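Colleague: I have the sequence and the model open side by side. Can we walk through a few local features?

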Amino acid sequence: MTALNALLSLDKFFTGLDIPPETGRLLIAYSGGLDSHVLLHLMREFTRQTSGVSRLLALHVNHGLNPQAAEWSAHCQAVCQQWQIDFRQVELDARAPKGESQEAWARKLRYQALQQFVEPRDVLMTAHHQDDMAETLLIQLFRGSGPAGLAAMPVKIGFGQGWHYRPLLSYTRNQLKEYAQQHQLNWIEDDSNLDDKYDRNLIRNTILPAIRQRWPAISQTLHRASGLQAQAASLLEQLATMDLQTCTTGSGNYLRVSSLIQLSNERAANVLRYWIRTQGFTVPSARQLAEIFSGVIQASQDTSPCVSWFGTQLRRYRDYLFITAPLPAPPEPGLEFKWDLNNECNLILGKLKAERSKGDTALSVSTDTLTVRFRRGDETIRLAGHHHQLRKLYQQYGVAACYREFVPLLYSDNTLVAIPGMVIADEFRAGINEAGWILHWTESSTVCPGSWDECK
C-alpha cells in the first residue's frame with residue numbers, strides 16, 4: 001500500500017491516531033490552505049462514518065496581516081457551511097511589537113486564541129505534515145536549539161484542558177496535494193508563502209529543494225532525526241524532574257539559587273529551562289540563558305536583577321528566582337482614590353475585598369470608605385507600640401522590590417491604618433468581640449508568582 005493509499009484508508013489512518021472513545025469535540029485549526037483543507041475533509045469523512053459531523057468544529061484565526069484575510073475568512077465559512085461543519089472565527093491584531101519575530105508572534109497569539117476553545121476531553125488538530133517538521137527542525141538547528149527544540153513536533157501533546165494532535169506528520173506536502181486534487185478540493189493559496197524574507201519560506205522554497213536534489217528522502221530522514229532528539233529530550237526532562245525536587249519550593253513557583261549552583265552548569269541549565277517551560281513561559285535562547293546565569297544567578301542577594309525576553313521576565317529576590325509576565329507601569333506618583341469597603345476594588349496587580357467580621361484580625365474604622373494610596377517612600381505604621389518603616393516591613397514579609405510600588409496602602413483621615421495581607425495599625429485593630437473588616441488582597445495570578453511567604 002503506497003503512502004497516498006494509506007492516507008485514503010480512513011480506518012488505517014485514524015486507528016493510528018489513538019483517539020480515546022471518551023474524546024469530546026474534534027477542533028480543526030482551519031486556515032483554508034491546502035494542508036488544513038485536506039485535514040478538515042479527512043475528519044469530515046471520518047466523523048460521517050463514526051459519531052457524526054456534529055463533533056467537528058472548524059476554528060479560523062484571522063491574523064489581520066494580509067489584505068485578503070477577509071476573503072479567506074469568507075471562503076472558510078462557506079466551505080464549512082457547505083459541509084455542514086460548525087465554524088468559529090477569531091480576529092486578531094497579530095502585528096509583532098518592535099524587536100519580535102512576526103512569525104513567532106503570530107504563532108503565539110494563534111495558539112492562545114485556539115486554546116480558549118479547548119474544553120476538557122477536546123482534541124485540537126492541526127495540519128502539520130512531514131515537510132513542516134523538516135522545516136521546523138532546520139529552523140531550530142540554525143538557531144542553535146537543543147534536543148527539546150530539535151524534537152520539533154510531537155504527534156500528541158497536552159493542550160489547555162484537552163489535547164493537541166498532528167495527524168498528518170507521516171505525510172508529505174506532495175501527498176496532501178495529490179489527495180486534494182483527487183477529491184477536487186478548492187483551497188486558498190497564501191501569496192505570503194512566497195516571500196523569502198520569512199525564515200520558514202526561505203527554507204521551504206530554496207534550502208530544502210536544493211538539499212532534495214542530493215538527498216531526495218531528506219524529509220523522512222529529518223523526521224527520523226527529530227524522533228531521536230525527542231527521545232534525548234525525554235531523558236533530559238526526566239533528569240530535570242529529579243533535580244527540580246531539590247531546587248524548587250513547595251509550590252514550584254520559585255527556584256532556590258543556593259540549590260541550583262550546587263549542580264553542574266549543564267544540569268543547572270537543563271533544570272532552569274524545564275522549570276521555565278512548566279511555568280508556562282517561552283524558553284530563553286542560549287544568549288539569554290547565559291545572561292540569566294551571569295546577571296541574575298551570580299548576582300548578590302541584596303540586588304534585584306531581571307532578564308527579559310519574549311513576554312517574560314525572570315527576577316531574583318534573595319535566594320529565589322521567580323518568573324512573570326512583564327510588569328505594567330507602576331501607579332503614578334501621588335495617585336489615590338476612595339474605596340467603599342462594601343465593594344471589591346480592582347487594582348493594577350490584584351484585587352481588594354473586605355468582609356465584615358469580629359476579632360483582633362479585623363480592621364476597626366468608623367467609616368465604610370477608606371483612601372487607597374501607594375508607596376511614596378516615607379510611610380510608617382504603628383505596630384506593637386512602635387512606628388515601623390514600610391521598607392523594613394516589606395523585607396520582613398518577603399515582598400520583592402519590583403512589587404512594592406503596587407501594594408495598596410489604606411488610609412483613614414491621612415493615617416495609614418492597614419496594609420492588606422500584612423498588618424493593621426495598633427489603634428485600628430478590632431478587639432476580640434468588636435466588629436470590623438477582614439481585608440483580602442489577592443495578587444493577579446497572571447503576573448505575580450503567588451504568596452511570598454516562601455521567600456521570607
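Modeller: Start with a definition: two strands pair if DSSP finds at least two bridges between them. Keep in mind that this is a predicted model.

Colleague: Over how many bridges do β5 and β6 pair?
Modeller: Strand β5 covers residues 156-159, and strand β6 covers residues 162-165. Pairing needs at least two bridges. These strands run in the antiparallel sense, and the number of bridges is four.

Colleague: Which residue in the turn of that hairpin has a positive phi?
Modeller: Phe-159 has Gly-162 of β6 as its bridge partner. The hairpin of β5 and β6 has two residues between the strands. The one with a positive phi, about 60°, is Gly-160.

Colleague: In the open sheet of three strands, which strands stand at the edges?
Modeller: The order is β12-β13-β20, with antiparallel pairing. A strand with a single partner has one side left without a neighbour in the sheet, so the edge strands are β12 (345-347) and β20 (435-443).

Colleague: By how much are neighbouring strands of this sheet turned against each other on average?
Modeller: Direction is ignored for this value. The average turn is 25°.

Colleague: What stands opposite Cys-345 in β13?
Modeller: β12 pairs with β13 (residues 350-358) in the antiparallel sense, over three bridges. Opposite Cys-345 stands Leu-352.

Colleague: Now the helices. Are α3 and α4 roughly parallel or roughly antiparallel?
Modeller: Packed helices are described by the angle and the distance between their axes. For α3 (residues 34-49) and α4 (residues 69-83), the angle is about 15° and the axes are 12 Å apart. Angles under 35 degrees count as roughly parallel. The two helices are therefore roughly parallel.

Colleague: How many charged residues does the contact of α3 with α4 have?
Modeller: α3 passes α4 in a right-handed crossing. From α3 come His-37, Leu-40, His-41 and Arg-44, and from α4 His-75, Val-79, Cys-80 and Trp-83. By class, four are nonpolar and three are polar, and the count of charged residues is one.

Colleague: Is Asn-186 buried or exposed?
Modeller: Asn-186 lies in the loop between α8 (173-182) and α9 (199-214). Its relative accessible area is 54%. The cut-off is over 50%, so Asn-186 is exposed.

Colleague: Which residues does Asn-186 touch, leaving out those up to four places away in sequence?
Modeller: Ile-203 is 17 residues away along the chain, and the C-alpha atoms of the pair are separated by 26 Å. Contact means heavy atoms within 4.5 Å. The residues touched by Asn-186 are His-37 and His-75.

Note on methods: Residues are numbered from 1 along each chain as its sequence is written. This is a predicted model: local features need pLDDT of at least 70, side-chain atom pairs count only at pLDDT 80 or more; totals for chains, interfaces and linings use all residues. Side-chain values use heavy atoms; hydrogens and water are left out. Axes are lines fitted to C-alpha atoms, for helices over the stretch in contact, and angles run from 0 to 180 degrees between N-to-C directions. Angles under 35 degrees count as roughly parallel, over 145 as roughly antiparallel, 65 to 115 as roughly perpendicular and the rest as oblique. A crossing is left-handed if the near helix is turned anticlockwise from the far one by less than a right angle, and right-handed if clockwise. Ala, Val, Leu, Ile, Met, Phe, Trp, Tyr, Cys and Pro count as nonpolar, Asp, Glu, Lys and Arg as charged, and the others, Gly among them, as polar. Buried means under 20% relative accessible area, exposed over 50%, partly exposed in between (1.4 Å probe, protein chains only).
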